[in-house]
Amino acid sequence: MKNVTNDLILKTATTIIVFLILGFSVYLFFAGHNAPGGGFIGGLMTSGAFVLLYIAYGFQTMNRVVKIDFKTFIPIGLTIAVLSGVGSFLYGQPFLSHTDGYFHLPIIGKAHLATAMIFDLGVYFTVIGVTMTIILSIAKDEGEQVENAE
Amino acid sequence: MSNLAILPILLPLLTGIMLVFINKQKTLVKVITGIMVFVNLAVVSWIGSVVFQEGPLVLEAGDWPAPFGIVIVADQLAMVLVITTNLIAVASAFYAFRSLDEQRERYYFYALFQLLIAGVSGAFLTGDLFNLFVFFEVLLMASYGLIVLGGTKEQLRESLKYILINLFSSILFVTTVAFLYSVVGTVNMAQLAERVADVEQQGILTTIAILLFLVFATKGALFPLYFWLPRSYSAPPTVISALFGALLTKVGVYSILRVFSLIFIYKLEFTHQFFIYMAGFTILFGVIGALSTNNVKLIVAYNIIPAVGFMMAGIGVFSATALAGTIYYLVHDMIIKAALFFLVGTMAAISGTYDLRKMGGLIKHHPLLGWMFFIAALALAGLPPFSGFIGKFLLLKGAVEEDHYGIVAVGLIGSLLILLSIIKIFLNGFWGEARLAPEQEKASENGRLFPVALLLIFTIALGLGAEFFYPGIQGIADSLVDPSIYIDAVIKE
């Protein structure tokens, strides 16, 4: 590497900010269904956190640390989403029927849970998979060109 | 409520997702594709028989009642087209096993293929204009993937055009749906039909109708919006061209058929008269294109356009007989276009070129291929006893009954020119001196003829067995002329 940039501030800030973003994305994911939020926006926010990590630490470092193929997120998410719709067949209800109810959970207490959340989880995974695949493929393209140029 | 109606969409969708998971095991992918296309065909045929016996199946997704929620309507017209789609899927899958290179298979061809089938079936089945847009997007997404798969120079150039034109028409589509919603306050097709009927399609509604027509005309490749089609469809490998040629434009035609037989039917003297002119020009210009080239694949791709023109003529005439002709022709054309693409693909694979001037005498070593092509050519041109004849006969009969002699003349001249364009392939490609000895040939026809044979059997059956198929098709056409049947099936009060 010829130009080593001094990005100490970015790296330090990123380590803290990433957790804030991830936490907020989980909050957004659960806020969905009744309030602004949901799987799509939560997934985008999570990918935002990942992208920030890639920007701060670089492609090679991240690939060493995060050994996940984001492409597999897409079929996993799709399967969850479609099966959550098919689940209604078991109860003799039309496709995509959903139900909800109030439950008492340990620690959290009274919570409103909906099966639409399962569908949202599918959306969440799919969005992460698609966003990360697109961004990383574009990033990889550029990396190859730089290597060729040198 | 009936969950049966969603199965034609759900099965290919789930299969497609499953194929992404196991993409690395090539044999397993092929085995599952091979099994699932037959399962799909069996399931949709069964649903089709239920629909023909008991009337349309309506699924209100998520248990939301009809005008408010999303509805999937499996009526006779939709099921006939879905069954044909799945028949083509069977043929395409087996042609792909034989002809597709390993690289394309590795990059998710079979998964995209299943998603395309899911999108096309969804477009036929949906009872909601906005979801028609959604399913258009589903099938277009899959088709974007398929057209660029392999990434040759020609494919990249053509896919850019293809994506831009489709993106533009999708934007126009969703804008038009928004216009329509702002005027009548619904996107449910049955309720749209009721509300447009209430105000007798005044002023702005006809403008919206024409905008919608432009969208579907772009997708369906009508004059003058067909310019993008022939080259884009002939750029990818044969099996993908066949899928596109057989299915995608037909979704556009189906949408025009549905929207302009159910919703916008109160200004016939303006809209449908306009369709007849469009149909005439489409037939003429399409066939001129087909005559202008020596590239075998391009000839078949150009021949998609006049076929769309014939179907439009039936919609324009808008009588029960003409509509029956349109539906018959639609089914016939889906089958025969797939068969023709497979045949010219096989010819090109054997001779190693798409240029007709460099082929010759193929019938010497490939008699079966030659005679199959001959049958397909006659069926395309509409000669008895094949399926094209019945469709064209009904269309022209309907046009004569309604005194549209102009389109009859154009149709007959067009048919003759179609025959000329396609028989040119037969004369130059199959007759004459054999250019290549058997050992010089670039590929064998082994296994490639089985899918074609399957499709040709249906072409012949649709022609010779017209006595059996015709009453059902005429029944669909009768129900299209009377929109209240569809409306009552969806909105029960």
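In the predicted model, chain A and chain B bury about 1200 Å² between them, buried area being the accessible area (1.4 Å probe) that two parts lose on being put together, summed over both. Of this area, 80% lies on carbon and sulfur atoms. By class, the side of chain A that touches chain B comprises 10 nonpolar, 4 polar and 1 charged residues (Ala, Val, Leu, Ile, Met, Phe, Trp, Tyr, Cys and Pro count as nonpolar, Asp, Glu, Lys and Arg as charged, and the others, Gly among them, as polar). In the interface, 15 residues of chain A are in contact (heavy atoms within 4.5 Å) with 16 residues of chain B.

Between chain A and chain B, 0 salt bridges are found, the criterion being a side-chain nitrogen of Lys or Arg within 4 Å of a carboxyl oxygen of Asp or Glu. Polar contacts link 3 residue pairs of chain A and chain B, both residues at pLDDT 80 or more; such a contact is a pair of N or O atoms within 3.5 Å, and within protein one must be able to donate a hydrogen and the other to accept it, while residues adjacent in sequence count only if both atoms are side-chain atoms.

The predictor assigns the complex an ipTM of 0.84 and a pTM of 0.92. For chain B, the average pLDDT (the predictor's confidence in each residue, from 0 to 100) is 90, and 100% of the residues score at least 70.

Local features need pLDDT of at least 70, side-chain atom pairs count only at pLDDT 80 or more, and totals for chains, interfaces and linings use all residues. Residues are numbered from 1 along each chain as its sequence is written, chains are lettered from A in the order in which they are written, and side-chain values use heavy atoms, with hydrogens and water left out.
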